[in-house]
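User: I am new to reading protein structures. Please take me through this one step by step.

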Amino acid sequence: QVQLVESGGGLVQDGGSLRLSCTASGSALSLSVMGWYRQAPGKQREWVAVTRDARNTNYADSVRGRFTISRDNAGNTVYLQMTNLKPEDTAVYYCTAADRFRVDYSMDYWGKGTLVTVSS
């Protein structure tokens, strides 16, 4: 079983920055993909960013150019650097991971989420 624990959420003003972190633990870790989803109040959960390695990352159009996803060398920690945050980025952000890559970015494991609130 894989556990994902997020940290780094909080309250920030419009235009500000935050960095989210997520560390995976468990037996026989071999995570092909790690990423972030988010769910805003009253909306469906949506994909934000995924990474397999430094050369294979992808972003939702709504965050491309403002958010950067990265993994540590061991591959068990994933980060989401968020800049130029907007009120519409307010959501619970979930760390996710998968044993293998899927084209629809569906994931096998989920963290409990961390709240990001952007005030206008």
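User: How many helices and how many strands does the chain have?

Analyst: The model is a predicted one. From the N terminus on, the order of elements is β-β-β-β-β-β-β-β-β-β-β. The secondary structure comes to zero helices and 11 strands.

User: What radius of gyration does the chain have, and what would a compact globule have?

Analyst: The C-alpha trace spans about 45 × 25 × 25 Å along its principal axes. For 120 residues, a compact globule would have a radius of gyration near 14 Å. The value for the chain agrees with this, at 13 Å.

User: What percentage of the residues count as buried?

Analyst: A residue counts as buried when its relative accessible area is under 20%. The chain exposes about 6,400 Å², and carbon and sulfur atoms supply 45% of that area. Of the 120 residues, the share that counts as buried is 42%.

User: Among contacts with a separation of 6 or more, what share comes from residues 24 or more positions apart?

Analyst: A contact here means heavy atoms within 4.5 Å. Among the contacts with a separation of 6 or more, residues 24 or more positions apart account for 57%.

User: How far apart are the mean positions of the positive and negative charges?

Analyst: The chain has 13 positive and 11 negative charges.

User: What kind of aromatic pair do Tyr 94 and Trp 110 form?

Analyst: A search of the whole structure finds four aromatic pairs. In the pair of Tyr 94 and Trp 110, the ring centres are 6.5 Å apart and the planes are at 75°. Planes over 60 degrees apart meet the cut-off, so this pair is edge-to-face.

User: How many residues apart in sequence are the parts that this pair ties together?

Analyst: Tyr 94 lies in strand β9, residues 91-98. Trp 110 lies in strand β10, residues 109-110. The pair therefore ties together parts whose separation in sequence is 16 residues.

User: Is Thr 96 buried or exposed, and what is its relative accessible area?

Analyst: Thr 96 is found in strand β9. Thr 96 touches residues beyond four places away in sequence, among them Leu 4, Val 33, Trp 36, Tyr 37 and Trp 110. The C-alpha atoms of Thr 96 and Ala 24 are separated by 9.4 Å, although the two are 72 residues apart along the chain. Thr 96 is buried, and its relative accessible area is 0%.

User: Which residues does Lys 112 touch, leaving out those up to four places away in sequence?

Analyst: Lys 112 lies in the loop between β10 and β11. At 81% relative accessibility, Lys 112 counts as exposed. Lys 112 and Leu 31 are 81 residues apart in sequence and 18 Å apart in space, C-alpha to C-alpha. With residues up to four places away not counted, Lys 112 touches Tyr 94, Leu 4 and Glu 6.

User: What distance separates the C-alpha atoms of Gln 39 and Asp 89?

Analyst: Gln 39 lies in strand β4, residues 33-39, and is partly exposed with a relative accessible area of 27%. Beyond its neighbours within four places, Gln 39 is in contact with Gln 44, Arg 45, Ala 91, Val 92 and Tyr 94. Gln 39 and Asp 89 are 50 residues apart along the chain, and their C-alpha atoms are separated by 9.4 Å.

User: What is phi of Asn 84 near, and what is phi of Tyr 105 near?

Analyst: Asn 84 is found in the loop between β8 and β9 and is partly exposed at 42% relative accessible area. Tyr 105 is in the loop between β9 and β10 and is buried at 16%. Each has a positive phi in a residue other than glycine. Phi of Asn 84 is near 45°, and phi of Tyr 105 is near 60°.

Conventions. Residues are numbered from 1 along each chain as its sequence is written. This is a predicted model: local features need pLDDT of at least 70, side-chain atom pairs count only at pLDDT 80 or more; totals for chains, interfaces and linings use all residues. Side-chain values use heavy atoms; hydrogens and water are left out. Helices (H or I, at least four residues) and strands (E, at least two) are DSSP runs, numbered from the N terminus. The radius of gyration is taken over C-alpha atoms; the globule rule is 2.2 Å times the number of residues to the power 0.38. Buried means under 20% relative accessible area, exposed over 50%, partly exposed in between (1.4 Å probe, protein chains only). Accessible areas come from the Shrake-Rupley method with a 1.4 Å probe; for residues, only the protein chains shown count as cover. Lys and Arg count as positive and Asp and Glu as negative; His and the chain ends are not counted. The place of a charge is taken as NZ of Lys, CZ of Arg, CG of Asp or CD of Glu. Rings of Phe, Tyr and Trp (its six-membered ring) pair if their centres lie within 6.5 Å; planes under 30 degrees apart count as stacked, over 60 as edge-to-face and the rest as tilted.
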